[in-house]
Amino acid sequence: MSPFDHRKYQSFAPVRMPSRRWPDRQLERAPIWCSVDLRDGNQALIEPMTSRQKSRLWDQLVKIGLKEIEVGFPSASGHDYNFVRDLIDNDRIPADVTVQVLTQARPDLIEKTFEALRGVRRAIVHVYNSTSTVQREQVFGLERAGIVDIAVRGAQLVKECAARYPETEWVFEYSPESFTGTELDFAVEICNAVTAVWQPTPQRPAIINLPATVEMSTPNVYADQIEWFCDRIERRDSLLISLHTHNDRGCAVAAAELGVLAGADRVEGTLMGNGERTGNMDIVTMAMNLYSQGIDPELQLGHMDEIIQTVKECTRLPVHPRHPYAGELVFTAFSGSHQDAIKKCLAKRDPREPWQVAYLPIDPADIGRSYQEVIRINSQSGKGGIAYVMERDYGYELPRWLQIDFSAAVQIHAEAQETEVSPEAIYQLFERTYLTGERRWQLGDYQVKRADQVDQLQAELLDGSTRHALTGSGNGVVASFVDAMQRFTGKQVVLVEYSEHALSHSAEAEAVCYIQLNIEGERYCGVGRSPDIIEASLAGILGAINKAAEQDQLAA
Ligand SMILES: CC(=O)SCCNC(=O)CCNC(=O)[C@H](O)C(C)(C)COP(=O)(O)OP(=O)(O)OC[C@H]1O[C@@H](n2cnc3c(N)ncnc32)[C@H](O)[C@@H]1OP(=O)(O)O
Ligand SMILES: CC(C)C(=O)C(=O)O
Ligand SMILES: [Mg+2]
């Protein structure tokens, strides 16, 4: 039992709809998008946007390709009024973009709203009043009829004002605000009353916006409400049903998606979900969700970092690093098994086939992200990720057995540092571990001769100021040097693994050689790098021998 008194709250009554159809549908196309960043987003900010910030966000919304943009509540503030005037007077509204403004269903506010829009080519006038039981009873103190009366009077005045400005193509929108807390039959009744005034036609439809002003239930209930409403509303073919979900329960996007399945045509929301309380429906997330399902979102979101920057600077709110699609960390895998899976999928990827990469719902490149960030290393990472970084950034194609060996060194380093390990730090660690660290033995001069199908190697081994002369023979220089080391150390030395490749990132056309030796039953790895492949091989063998010496396995 929690200490909470859960009886303080009531559960949301489900909609009785045994024959609901929306669960069997699939999203097939993008809805009509409407951004409310400059109104609902703005009214939620600690410091509302300055006109410069509003202007900047407007430009970004246009660049993204939003064709309907709610630009403010011009009857409520001089700022909003002036902003609308600036857009109109300075001809800043592209021909294919329609501005929308919000007003309460109050005569003075409606009049002022039309005044603000004077001379605009096309505009959506969005009028609302609250319809929920709580608002009716406790805020307005009115019965249903009184609330309908506010809406109808508002609708009439909107129509009259519009007639005074015939040069403008007017679109009317009505919201039964607090729709989710409104009895469905009443929502239908009040919307029918409003559209009876407006008399929309299929050619000139009106917008009926059904807001989850406060998100009160699971998204399936919202979808039921939308389907129930769409099935009963009059003049359905002359209406665009719009959704406007808030995120109080964290499901604004899900509710909008299910609401579209349930019959809605249009969705209002904001970039990154800014808005009242926990925010509005996030247009970026919903659009990218559609895209990840193979549906054209009909928005330009390829410049995601610029979008984030604009939103952050205009709203002065941060964007969470885990924000769906847009956050700085959303394409990054730190954990080993994820890195391994991503690396394998990317290596097998055929660009002609649909995207199928484990843990990456979309290709980061689509939104201007590089693969640099996909795999980042910390103490949770495994060999796959480390190998990926070594290959991607430095051109080393570490064989699997060396990945295992090296990942142990990276793990120790990451745990000691207690932070992320950068690609540079990984590379330096690789160099120290296999190539440049202090070594007991160094290779001096050497020469190989071939006689009777057998290679004979003579080499000099430097141990501080002491020089040892080595000889060995075998099939090839590698086998000869292994033989020489075996004679020199008196231990059993067996070559277990060998691989090499040219180092594509190296300006000096170097080769790199990876060696694994079994020395008296223990395995040791070494790496050699040189413009000369023989020297790289010998250095690799000596590297492994030196590793054994470090661990006191060679008493020579
Ligand atoms: C869910 C939403 O996001 S709705 C949009 C909310 N956004 C805003 O309100 C931001 C802009 N609003 C404002 O700045 C102010 O509310 C103004 C300037 C529009 C109006 O200010 P004021 O008239 O001073 O005050 P206020 O908003 O408190 O008015 C409340 C009155 O309007 C009535 N009212 C509220 N909403 C509506 C409506 N949609 N339609 C008709 N009447 C309404 C209330 O019943 C109340 O009436 P009362 O004074 O008789 O009790
Ligand atoms: C004005 C309306 C549509 C609104 O913002 C809401 O109900 O959340
Ligand atoms: Mg809202």
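Reply: Let's begin with how angles are named: under 35 degrees counts as roughly parallel, over 145 as roughly antiparallel, 65 to 115 as roughly perpendicular, and the rest as oblique. This is a predicted model, in which local features need pLDDT of at least 70 and side-chain atom pairs pLDDT 80 or more, while totals for chains, interfaces and linings use all residues. Residues are numbered from 1 along each chain as its sequence is written, chains are lettered from A and ligands numbered from 1 in the order written, and side-chain values use heavy atoms, without hydrogens and water.

Me: Is the crossing of α2 and α11 left-handed or right-handed?
Reply: A crossing is left-handed if the near helix is turned anticlockwise from the far one by less than a right angle, and right-handed if clockwise. For α2 and α11, the crossing is left-handed.

Me: How are α6 and α7 arranged, roughly parallel or roughly antiparallel?
Reply: Helix α6 (residues 144-164) and helix α7 (residues 184-198) have axes that come within 9 Å and cross at roughly 25 degrees. That makes the two roughly parallel. As for handedness, α6 passes α7 in a right-handed crossing. To come back to your question, the arrangement is roughly parallel.

Me: At what angle do α9 and α10 pack?
Reply: Helix α9 spans residues 252-261 and helix α10 residues 283-292, with their axes 10 Å apart. The two are therefore oblique to each other, and α9 passes α10 in a right-handed crossing. The angle is about 55 degrees.

Me: Now the ligands: how much of ligand 2 does the protein bury?
Reply: Its surroundings (residues with a heavy atom within 4 Å) include Asp40, Glu177 and Asn209. Oxygen atoms of ligand 2 are 2.9 Å from a side-chain N or O atom of Arg39, 3.0 Å from one of His244 and 3.0 Å from a polar side-chain atom of His246, and polar contacts are pairs of N or O atoms within 3.5 Å. Taken alone, ligand 2 exposes 260 Å² (Shrake-Rupley method, 1.4 Å probe). The buried part of that is 95%.

Me: How many charged residues are in the shell around ligand 2?
Reply: α1 (37-43), β5 (169-177) and β6 (206-212) each supply at least two residues of this shell. Asp, Glu, Lys and Arg count as charged, Ala, Val, Leu, Ile, Met, Phe, Trp, Tyr, Cys and Pro as nonpolar, and the others, Gly among them, as polar. The shell has 2 nonpolar and 6 polar residues, and the charged ones number 3.

Me: Which element gives the largest share of the shell around ligand 1?
Reply: Ligand 1 is surrounded by 16 residues, and one of its oxygen atoms lies 2.7 Å from a polar side-chain atom of Arg106. Taken alone it exposes 1,000 Å², of which the protein buries 54%. α1, β3 (98-104) and β4 (122-130) each supply at least two residues of the shell. The largest share, 3 residues, comes from α1.

Conventions: Polar contact = N/O pair within 3.5 Å; in protein donor to acceptor, adjacent residues only side chain to side chain. Helix = DSSP H or I, 4+ residues; strand = E, 2+ residues; numbered from the N terminus. Axes fitted to C-alpha atoms, helices over the stretch in contact; angles between N-to-C directions.
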